[in-house]
Amino acid sequence: LLLIADMLIVVAVGLAWAERRGEGPRRMEELTLVPVLIIGCFQALALIPGSSRSGTTILGGLLLGLRRADAARFSFLLGIPAILGAGLLELPKVLAGVRHGELSVTALLLGLLTAAVVGYASIAFLLRYLQRHSTLLFVVYRLALGAAVLALAGAGWIR
């Protein structure tokens with residue numbers, strides 16, 4: 001829990017610092033191999049609990065001078081292989097559930113459709129939001145959640 005709380009706060013502070021520096025002029029289309037690899041290394045930080053894959057990649061993009069909306073768009077594009085890979089890894093379990101009658105094909109298709117629609121709408125909303133606003137809302141959310149986890153763990157209410 002302490003690692004999760006710490007990473008919630010560390011990424012929040014990183015985003016706040018990157019925002020304070022100001023939005024960069026760089027567009028996603030201008031990225032070359034080296035910056036892409038660096039942002040990929042930021043994505044690897046998401047292996048640390050509490051860090052957030054999209055938070056770390058947006059942070060990496062902002063630190064490399066990307067405009068906020070472009071950093072978010074690139075972050076979501078970077079997520080496609082990870083999400084697709086995780087889905088393919090879980091596919092045999094899902095198909096076994098269908099085969100054994102634990103999951104209906106209708107429920108599976110309805111779940112996939114719902115996830116696709118909600119995911120697309122969420123990404124579209126966030127991209128529009130970040131074209132006009134900073135990441136301050138996410139910074140505040142991560143700081144508050146990190147502080148809450150520290151307080152609850154310190155009080156012994158969560159373990």
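**Salt bridges, pockets and a surface patch**

Trainee: Which side chain meets that of R68 in a salt bridge?

Mentor: The model is a predicted one. A salt bridge requires a side-chain nitrogen of Lys or Arg within 4 Å of a carboxyl oxygen of Asp or Glu. For R68 the N to O distance is 2.8 Å, and the partner is E19.

Trainee: How many residues apart are R68 and E19, and in which helices do they lie?

Mentor: R68 belongs to helix α4 (residues 68–99), while E19 belongs to helix α1 (residues 2–21). The pair therefore links distant parts of the chain. R68 in α4 and E19 in α1 have a separation of 49 residues.

Trainee: Are R68 and E19 buried or exposed?

Mentor: The cut-off for the buried class is a relative accessible area under 20%. R68 and E19 both fall in that class, which is buried.

Trainee: Where does E29, the salt-bridge partner of R73, lie?

Mentor: The closest N and O atoms of R73 and E29 are 3.5 Å apart. R73 is in helix α4, and its partner is 44 residues away in sequence, so the pair ties together separate parts. E29 itself is found in the loop between α1 and α2 (33–44).

Trainee: Which residues are linked with R73 in a network of salt bridges?

Mentor: Side chains of opposite charge can pair when their charged atoms come close. The count of salt bridges in the model comes to six. The network joins R73 to R27, E29, R67 and D70.

Trainee: What volume does the largest pocket have?

Mentor: Its lining comprises 19 residues, with I80, I83, A115, A116 and G119 nearest the centre. Helices α4 and α5 (105–132) each supply at least two lining residues. By class, the lining has 14 nonpolar, three polar and two charged residues. The space in this pocket is about 560 Å³.

Trainee: What is the volume of the second largest pocket?

Mentor: The residues lining it include L15, F76, F138 and R142. At least two residues come from each of α3 (53–63), α5 and α6 (136–154). Seven of the lining residues are nonpolar, four polar and one charged. The volume of this second pocket is about 220 Å³.

Trainee: How much accessible area do the residues of the nonpolar surface patch have together?

Mentor: The patch is formed by L77, I80, L84, L88, L91 and L95. Membership requires over 30% relative accessible area. L88, in helix α4, counts as exposed at 53%. Together the six named residues have an accessible area of about 550 Å².

Technical notes: Residues are numbered from 1 along each chain as its sequence is written. This is a predicted model: local features need pLDDT of at least 70, side-chain atom pairs count only at pLDDT 80 or more; totals for chains, interfaces and linings use all residues. Side-chain values use heavy atoms; hydrogens and water are left out. Helices (H or I, at least four residues) and strands (E, at least two) are DSSP runs, numbered from the N terminus. Buried means under 20% relative accessible area, exposed over 50%, partly exposed in between (1.4 Å probe, protein chains only). On a 1 Å grid over the protein atoms alone, a cavity is a set of points where a 1.4 Å probe fits but cannot get out, and a pocket is an open set with protein on both sides within 12 Å along at least five of seven lines; lining residues have an atom within 4 Å of a point. Grid points are joined across faces, edges and corners, and a volume is the space filled by probe spheres set on the points. Ala, Val, Leu, Ile, Met, Phe, Trp, Tyr, Cys and Pro count as nonpolar, Asp, Glu, Lys and Arg as charged, and the others, Gly among them, as polar. Patches are made of residues with over 30% relative accessible area and no salt bridge: like charges are joined within 9 Å, nonpolar side chains (Val, Leu, Ile, Met, Phe, Trp, Tyr) within 5 Å. Accessible areas come from the Shrake-Rupley method with a 1.4 Å probe; for residues, only the protein chains shown count as cover.
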